[in-house]
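Hi everyone, thanks for making time.

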Amino acid sequence: MPDKPTITPGSFAPGSRLPASCSLLLRREFLALTTLPALAAPATPAIAILLAPNDPIASAAPVRWAATHLAETLHAKHLLTRIVHTPSDATGATHLIQLQHNPKLPTPESFTLTPAHLNGTPATTASAAGPRGAVYALLELADRAEFSPTPLHALALNSAIEENPANEIRSINRAFCSEIEDKPWFYDENFWRAYLTLLATHRFNRFNFTLGLGYDFPKGVTGDYLHFPYPYLLDVPNYNVRAVPLAPAERDHNLKALQFIARETAARGLHFQLGIWTHAYQWTDSPGAHHRIEGLTPETHAAYCRDALALLLRSCPEIQGLTLRVHGESGVPEGSYSFWQTVFEGIRHAGRPVEIDMHAKGVDQKMIDIALATGMPVKLSPKYWAEHMGLGYHQAAIRELEMPREDSPKDAIFALSNGSRRFLRYGYGDLLTRDRKYGVLFRQWPGTQRVLLWGDPATAAAFGRSSHFCGANGMDICEPLYFKGREGSGLPGGRCAYSDTSLNPRYDFEKFTYSYRLWGRLLYNPDADPDSWRRYLRATFGPSAAPLETALSHASRTLPLVTAAHLPSASNHSFWPEINTNMPIIAGSEPAPYSDTPKPVCFATVSPLDPEMFSSVVEHVNSLIDGRWNHKYSPLEVAQWLDFGATRAESDLAASRAALPHAPTAEFRRAAEDIAIQIGLARFFAAKMRSAAWFELYRQSSDRGAAARALAQYRAARESWATLAASAQKIYRSDITYGRTPERRLDWFARLAAIDIDLHAMESALTAAGPLPNPAPPPTTAIAKFLGQPRRSAFQATHTPPPSFQPGSPLPLTLTVAAAGLPSVRYARLHYRQVNQAERWQTQDMKFTNATYTAAIPATYSKSPYALQYYFELGNGKESPALIPGFNANLSNQPYYVVQQS
């Protein structure tokens, strides 16, 4: 067997030119490969990839790139491979891969893989309706071969496969935030080839490269590289605008790097989106800024941005869309309509369609109309779960703090986002009207989990189902490590922040290979075959793969659940539950680290991010003191879920370690250590939620048994944190930098001091009130019902949502309860709301007739441009009510129904 089997990309005639979008490396490889011998009687199995010259999709540059990538993958697996034009060219092949155009498939991104025979040769037919579908088909075969011990068998399918996209847009967002940490990958062409190939392989169809998001507002700026991006990239004629002291040669190098990234993105069939989040050219209160922008005045500002943007679009013809922050944090006051109208002229004259994606915060109808007037496609991108990651559904309600208020202070810069449009700060607000003329793209921000490995197929699939909510276009994910080195906090030594350098991957994104695989494939198809991620796990972790998958799944639900149920701050600037800054249980024991949170500021008053589905500690304890059954999921139920997930993850992690056939690899160690930290986080938050509930009960009732339990649970929480911090200290640096303040940097161990201060304050407060019982006596009967093992009423109930409704007509709803459970039902209640986060939920008691409960959403309420959402509460008066549909066992469903207008 030869050491390097032959690959001949014969899809291009000898001597023909590769398209300009192909990289120089690919050009060199192509020229070398076309000089190799033709396919003939090989000693190893031979593969022929058939791209017919008259096929309407085979000639597309991304398809030719994907075919070459498939050939290279098979070459690396010691399979002789050649790209051919006709079946006769494949004589002697062991297996044939044939690409066919099939316009009858549902979308241009759909594809099928079908086992076949061609002239007696086993074959796989890859059919697609468009070039992207063809790319996915060929990359799917490459992926199957790469992670199979028998790659030839991986190509020989047992049955046909058809794949169709659930979401129009599946986007990954990467930001340049730090000159220190980001310049190396920005200039590294091999990094971009590997990274963009990963995205295309896992069926992302958009790459969003973000500039100007290093700060939320241009104040106190130090690390300003590419922050106001134009002068770092372009010398715009008729303007003498410079970033001082940037050398012209470096500016030109930056543009060439951007052009390379754009070309390589397009070469793989990905949409290239450029994010320009800052249009301020002056930094306020920033004596330490590394650069200053010279040559601009308020009078020339808008015109320069227009002309610079037009030049940038001409210089990078692969730019297909622009993401723009148009609210006050851009440095341009809200309501500056003439400024944006001028800037948008640079897009209107691009000579090609360029999507305008406006970050939704602060956007009003006038701003939307200005964008639509360009004639370009327009999208608005609201935040999904504020600046964090919650569970795989859209929060049923936003926090009360985000609702518009009559007493909102007047603010010249944030006139809309702090005023009448406040409800768009952290959600989709009122954007999901039926008659909208713009698209909606949900953006998952990077506040919850940045450093630790994430990977839960159930949650990723849930997001795949919810990302086209009410006709939305899909989802843009701020990738792991987003904001690393932000606000001038960058440090050398690797973006993954390992102190144990043996854990550093070649490129930072490689730590999260599994995360990208799950997100991309399950956003494309939420019902994807589990083998699409398990083949990678088997090849990487061997016999440890199965228990490691389940351990990581359970561990990965920890932080999204905490975010949904307990959110001290909607801003990622403050709340970072992964390396949590302690919120005190004892109000005033230490300065509270969060400002956008209910008062008095303490753990018990913190609002859930979804206050319709979850209750705060105070809300739950108040209901128990009053003898009411609160229908919302309580902090104690959340604690129970966290403990269950931690126990399962711990058991499965132990099983995966036991199954290791050899010393753990770096890949296994990275995964196992991050799982262990997340187990510790689950146990910490579970114990602290219980402690806060018991302490609030003690505060309201003076029950000394409750006080003893509060203290015991806080000590348990402290022990969990100390354990995980000691473990993390062995592998992570002591300064993990995502900003300039302590809340956005340092490490787990640094957070222990604040926990100790608050724990000591609790000990002191309780000791001062007298000795605590040891052990604590049983709580009263009423309290025991609420604070024991949380239970919910169990009813077998069925409901079929109506297919649609007519606005201005009542929407009748029916809930049928199984006969066996009927005697214990005491009431049924309907909760409903328009799909408009600026509205509050309505409640209606249901009527009982012949084993059926009925209610109707009123005609006066249905008369609106919005869909309707609702859920049912069913109670027996003895336990927490059942919620229908409620959450499933792995918290991966939408806990309410939605009905669209007819």
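This is a predicted model: local features need pLDDT of at least 70, side-chain atom pairs count only at pLDDT 80 or more; totals for chains, interfaces and linings use all residues.

Residues are numbered from 1 along each chain as its sequence is written, and side-chain values use heavy atoms, leaving out hydrogens and water.

So, the pocket. On a 1 Å grid over the protein atoms alone, a pocket is an open set of points with protein on both sides within 12 Å along at least five of seven lines, a cavity is a set where a 1.4 Å probe fits but cannot get out, and lining residues have an atom within 4 Å of a point. Volume here is the space filled by probe spheres set on the points, which are joined across faces, edges and corners. The largest pocket holds about 1200 Å³. It has 43 lining residues, with H69, E146, A194, T197 and R506 closest to the centre.

Now the cavities: there are 7 of 30 Å³ or more in the whole structure.

Last, is K383 buried or exposed? K383 is buried, because its relative accessible area is 4% (buried is under 20%, exposed over 50%, partly exposed in between, with a 1.4 Å probe and protein chains only). Among the residues K383 touches, beyond four places away in sequence, are H359, Y426 and W445; touching means heavy atoms within 4.5 Å.
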